[in-house]
Amino acid sequence: MSAFDRDAERQRMLSRRTLVLGGLQGAAVATLMGRLYYLQIVESDRYTVLAEDNRISLRLVAPPRGLITDRFGVPLAVNEQNFSTIIVSERAGDVQQILDEVGKLIPLTEADERRIQRDIQRSRSFAPITIKENLTWDQVAAIEVNLPDLPGVSIDVGQVRSYPFGEALSHVLGYVGAAAEKDVEGSSDPLLTLPGFKVGKGGIEKQYDQALRGAAGNRQLEVNAVGRVIRELSRDPGQSGREVALTIDAKLQHYMHQRLSAEESAAAIVMDVNTGGIHALCSSPSFDPNQFAMGIGYEAYQALLKDERTPLINKVIAGQYPPGSTFKMLTALAALESGIVNADHRVFCSGHIELGSHRFHCWSRNGHGTLDMVGALMNSCDVYFYDIAGRIGMDRIADMARRFGLGGKVGLELPGERPGLIPDPKWKRQALKQPWHQGETLIASMGQGYVLTTPLQLAVMTARLASGRAVQPHLLKSIEGQFAETTEWPAIDVKPENLATVLKGMNAVTNVPGGTGYRARISVPGMEMAGKSGSAQVRRISMAERSSGVIKNENRPWRERDHALFVAFAPVQAPKYACAVIVEHGGGGGAVAAPIARDILLECQMLEAARATVAQQPPPATDTTPPAPNPAGETP
């Protein structure tokens, strides 16, 4: 091949390679352009959404929890601003290292760290977890300054439940606490996934939790490539919880709490005889619900659990006690309704009565002499009630007790209510597989033996006696202004003249000299109360104890002393309020519980009278005189 031919051949090869390379480059450029076209034109909308998703983060916002007020609009449960620090585990890297750093700025216990690690394991990695709530300003500042060195950590501003009346209303309101697994399971409410979201854990907070909770809102946040919040774009606060108004009178409740605090352990309740609305309900000792809302410590909680006076138990609805002689009105009414005994039936009390080989004593060892029914109620004569109970039998007494609200739950809208027990022969055969004995009728007729009631049930019984109607207790006055109370209660099927005899006996207890509650009477004209005392034996004094000189309550340990009870209504002529009081292991009902009932019923009526006086006062005069012109001649 000549030199010319070789040059021509190299020229052709160079041209082919250039053409191939050019083609490849062109294909590459075309592919690139096509990909760009696909990404920017065809998939434009999709990637725009994805980019926005990366740039914008949506977070749920807990709405303000609904307020709880008393019957006059006084706030009982409110919301206050609360600062907490949170962590998002997927942004934190080494969570334990971050917690160690946070622990140098704010106190974190081992229990806190275990709880945080547990919450992280249970939640998705992007979900914020609360490290610590209720931070002080100094703690907030310390965290904020060190945020650049604490990836995944931030400060959150929320609200904490606050109870202005503290211990005085804890057993009514309950408290709020973090949602537990059982609260979350089966619920589709997204609020329950929020870190530290609180739900009702007792009392009204639990009973009306759904109404108080509200609906979730959201925050639209702009975040950078590592998820750090740049700014808030928008905020939807959600729907606030609804306002719940109770029938409680906050002033009366505060007074009752102060009055009961003088006793070691006591409970009391006042209800409207006509509507059934509860005006005050108190169990003492109590606890501070603010401790629970803020997060109570282990030691403080254990102290409440171990207290033998049971401050965590609402004794008004969950305390089961023998009613003692406060039960005698029902025995009397059952006897009158039976037609076997009338109001003039008279019994001689020598201090005891014999039944077979057993002797049943009256509380008065020397006896009361001869008494009719009103006199027996006034003196609380045990022998009289032994006599009429033996004549009518237990079935009639039990039937009357159930008509007046005893023997089961009355259905007050508070969690934890316990039933009472009204025994009869059928109950004993089924429950204990034993026959009923006549002596048990005698014991039950005076509220002892198997008979059990709660203070709530005794208040209902008293309200029904005073009104003659099957009034039901309730705490709810309205939700968001929707009125719920009623006075339409059916009449109880008893003869008015028989009911009048029983009420006459209750009036004699407090307003006739010699009555067991006379020393605790209300002497303000028009505000007098009628009532009945009771002393429920907790443990009989043994012969050995009597021999050693132990013959009185005061000689025995606190736990073994009798319960003191008193039920009453007022005013006598036009009953408006019914009250039940129990002082655990307090001794005699007339001496210990009656003065408390008197003070509470008097306070009820004094508050009502004071409010009526204010309501009748004319409004302050409005100054309609036109303002004087200023020196410049201009009207301000």
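Me: How many salt bridges does a search of the whole structure find?
Reply: This is a predicted model, in which local features need pLDDT of at least 70, side-chain atom pairs count only at pLDDT 80 or more, and totals for chains, interfaces and linings use all residues. Residues are numbered from 1 along each chain as its sequence is written, and side-chain values use heavy atoms, with hydrogens and water left out. A salt bridge is a side-chain nitrogen of Lys or Arg within 4 Å of a carboxyl oxygen of Asp or Glu. Searching the whole structure on that basis gives 22.

Me: Which residue forms a salt bridge with arginine 161?
Reply: The closest N and O atoms of the pair are 2.8 Å apart. The bridge links distant parts of the chain, 44 residues apart: arginine 161 belongs to strand E5 (residues 153–162) and its partner to helix H9 (residues 203–207); helices (H or I, at least four residues) and strands (E, at least two) are DSSP runs, numbered from the N terminus. The partner of arginine 161 is glutamate 205.

Me: Is glutamate 205 buried or exposed?
Reply: Buried means under 20% relative accessible area, exposed over 50%, and partly exposed in between (1.4 Å probe, protein chains only). Arginine 161, at 5% relative accessibility, counts as buried. Glutamate 205 has a relative accessible area of 0%, so this residue is buried.

Me: Which helix holds both arginine 213 and aspartate 209?
Reply: Their side chains meet in a salt bridge (2.5 Å, N to O), and both residues are buried. They are four residues apart, about one turn of the helix. Both lie in helix H10 (residues 209–213).

Me: How many residues apart are aspartate 599 and arginine 259?
Reply: The side chains of these two residues meet in a salt bridge (2.7 Å, N to O). Aspartate 599 lies in helix H24 (residues 589–616) and arginine 259 in helix H11 (residues 250–260). The pair thus joins distant parts of the chain, and the separation is 340 residues.
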